[in-house]
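Please keep the sequence and the coordinates in view while following the text.

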Amino acid sequence: MTELQQELAFVENGKVILKEQEGFPQREIGEVKDDEASAFQFFQDRYETLKEKVDKVQHQIETEDNKGSFLMKVLNLRESLSSYDGIGDFVALKERLDMLEKMLEDYISQNRKRNLDVKTTLVEEAKSYAANPDWKEATEKLKELRQRWIRVGAVDEDKKEEIENAFQAIYDEFYEKKKSFYEAKKEMMVTREKQYEALIEKAKKLQSQEKDSDQLAKKVESLVQEWKELENIPKDKYANLLKEFKKYTHRKSSGKASKATKKENNDKEKTSLLNELKEAKTLDSDKAVEIAKSIQQKWKNLGKTFDHSLNDEYFTLNDYIFEKHFLESLFKKKAKKDLGEKDAVKFKMNILRDLIARDQKELNVFEENLEKFNLGTQKLDKLVGYKHEKQKRKLTVKQQIMDELRDLNKNLK
């Protein structure tokens with residue numbers, strides 16, 4: 001029996017007794033089966049096994065990234081000390097495990113603070129996406145953002161409910177508004193279809209009631225003009241209704257002259273709308289978006305654009321107004337109040353730099369996978385091409401805004 005063994009334990013009536021240690025009362029840990037020396041060595045070896053477990057968990061904590069996952073193991077090891085059958089310095093093991101617990105609690109606390117900062121930023125990002133008037137794009141962005149949210153770790157319990165509720169509230173409000181929007185849109189489409197059906201009925205009655213050909217022509221022309229002024233409905237339903245309407249209003253005329261006149265009038269009206277957009281571009285971003293939204297519907301109502309350059313200019317101007325409004329929205333939510341003009345410009349440039357990097361990354365991935373979209377159908381190829389051009393245009397517009405901010409920054413003191 002070694003001196004250390006005698007200092008820590010003794011034998012009484014064939015029982016091995018572990019002596020009292022600081023915080024650990026004296027207790028029986030086993031029996032002498034062969035001789036005292038063998039019994040003492042057995043229980044000392046058991047202590048070494050426990051010590052190796054503590055060594056192992058300490059090494060894992062010091063070398064692995066997911067340190068917080070070892071806290072429960074540390075707590076379980078420490079709890080086992082008071083009942084573990086072994087001979088050794090249990091006070092030293094307790095002190096090591098106490099130290100590891102404190103280190104892990106500090107680590108977890110710091111992590112949870114960082115997680116709260118990240119989730120607070122994601123809440124603001126969710127608000128900006130939820131404010132996007134493009135429901136489809138907003139939905140895609142919010143779905144992607146929720147996956148990022150899930151990957152962020154836990155926050156302190158006293159903050160958990162508040163931050164989770166804030167995040168969920170944005171989604172609940174967004175989907176409720178989206179639902180209301182599409183329900184209202186559905187009702188609106190039903191109303192519009194009834195307006196088209198009413199004109200068809202008028203045209204049908206007119207053919208049977210009006211006998212004067214000149215008067216009939218005038219009234220038919222009036223109905224055709226009313227038809228053109230009606231709001232848009234889904235293409236398939238419009239096509240069926242138009243086919244029915246033409247049965248009662250179609251008149252033979254000089255197709256070439258009519259088409260030329262239509263082209264001239266169409267391009268003229270669209271040029272006028274472009275001029276309105278150019279003026280709106282110089283206004284406050286909220287006002288500019290309001291005007292852009294009203295012009296969107298007018299542009300759609302005019303139908304096909306015969307001059308493709310008008311289309312390109314329209315989408316570029318439109319994107320510029322909405323991208324600038326989005327930038328201003330993010331700036332208002334993220335920037336500190338009372339920033340000086342130069343600091344405000346720099347802050348906007350930093351936000352925009354991140355947005356450009358994100359868009360460039362998305363564009364690179366899209367272009368790398370373009371060949372995968374070649375499904376051999378003209379319709380799909382055209383759709384993919386349109387999406388590609390849209391992504392490039394959005395990036396170009398952001399870079400244009402960045403150039404404007406750089407010029408402004410240079411001119412400010």
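Is Asn 13 buried or exposed? Asn 13 is exposed, as its relative accessible area is 74%; here buried means under 20% relative accessible area, exposed over 50%, and partly exposed in between, with a 1.4 Å probe and protein chains only. The model is predicted, so that local features need pLDDT of at least 70 and side-chain atom pairs count only at pLDDT 80 or more, while totals for chains, interfaces and linings use all residues. Residues are numbered from 1 along each chain as its sequence is written, and side-chain values use heavy atoms, with hydrogens and water left out.

Asn 13 belongs to the loop between E1 and E2. Its phi is near 55°, a positive value in a residue other than glycine. The flanking strands, E1 (residues 9-12) and E2 (residues 15-18), pair in the antiparallel sense over four bridges; pairing requires that DSSP find at least two bridges between two strands. Within this pairing, Ala 9 stands opposite Leu 18 in E2. The hairpin has two residues between its strands.

Of the 413 residues in the protein, 33% are buried.

The interior can be read through its nonpolar cores, each a set of buried Ala, Val, Leu, Ile, Met, Phe, Trp, Tyr and Cys residues joined through side-chain atoms within 4.5 Å. The largest holds 51 residues, of which Ile 321 and Leu 352 touch the most other members. At least two residues of this core come from each of the helices H4 (90-130), H5 (135-151), H6 (157-209), H9 (255-280), H10 (285-301), H11 (308-334), H12 (341-368) and H13 (378-411). H11 gives the most, with 10 residues. Apart from this core lies another, of 28 residues, among them Phe 40, Val 54, Leu 77 and Tyr 84. Leaving aside residues up to four places away in sequence, Leu 352 touches Leu 327, Lys 398, Ile 401, Met 402 and Leu 405.

A pair of aromatic rings is described by the distance of the centres and the angle of the planes. The structure holds 17 aromatic pairs, where rings of Phe, Tyr and Trp (its six-membered ring) pair if their centres lie within 6.5 Å, and planes under 30 degrees apart count as stacked, over 60 as edge-to-face and the rest as tilted. The pair of Trp 135 and Phe 174 is tilted, because the ring centres lie 5.4 Å apart and the planes stand at 45°. Since Trp 135 lies in helix H5 and Phe 174 in helix H6, this pair ties together parts that are 39 residues apart in sequence. Both residues are buried.

A second tilted pair joins Trp 227 and Tyr 238, with centres 6.0 Å apart and planes at 45°. Trp 227 lies in helix H7 (residues 213-229) and Tyr 238 in helix H8 (residues 235-249), so the pair ties together parts 11 residues apart in sequence. Trp 227 counts as buried, at 4% relative accessibility, whereas Tyr 238 is partly exposed, with a relative accessible area of 28%.

Ring pairs also link Trp 135, Trp 149, Phe 167, Tyr 171, Phe 174, Tyr 175, Phe 181 and Tyr 182 into a cluster. Over the face of Tyr 171 lies Arg 146, at 4.1 Å from the ring centre; a charge sits over a ring if NZ of Lys or CZ of Arg is within 6 Å of the ring centre and within 35 degrees of the ring normal. Lys 281 likewise lies over the face of Tyr 320, at 4.5 Å from the ring centre.

Helix H10 includes Asn 301, which counts as partly exposed at 30% relative accessibility. Asn 301 and Leu 230 are 71 residues apart along the chain, yet their C-alpha atoms are separated by 8.4 Å. Not counting residues up to four places away in sequence, Asn 301 touches Glu 231 and Asn 232.

Notes:
Contact = heavy atoms within 4.5 Å.
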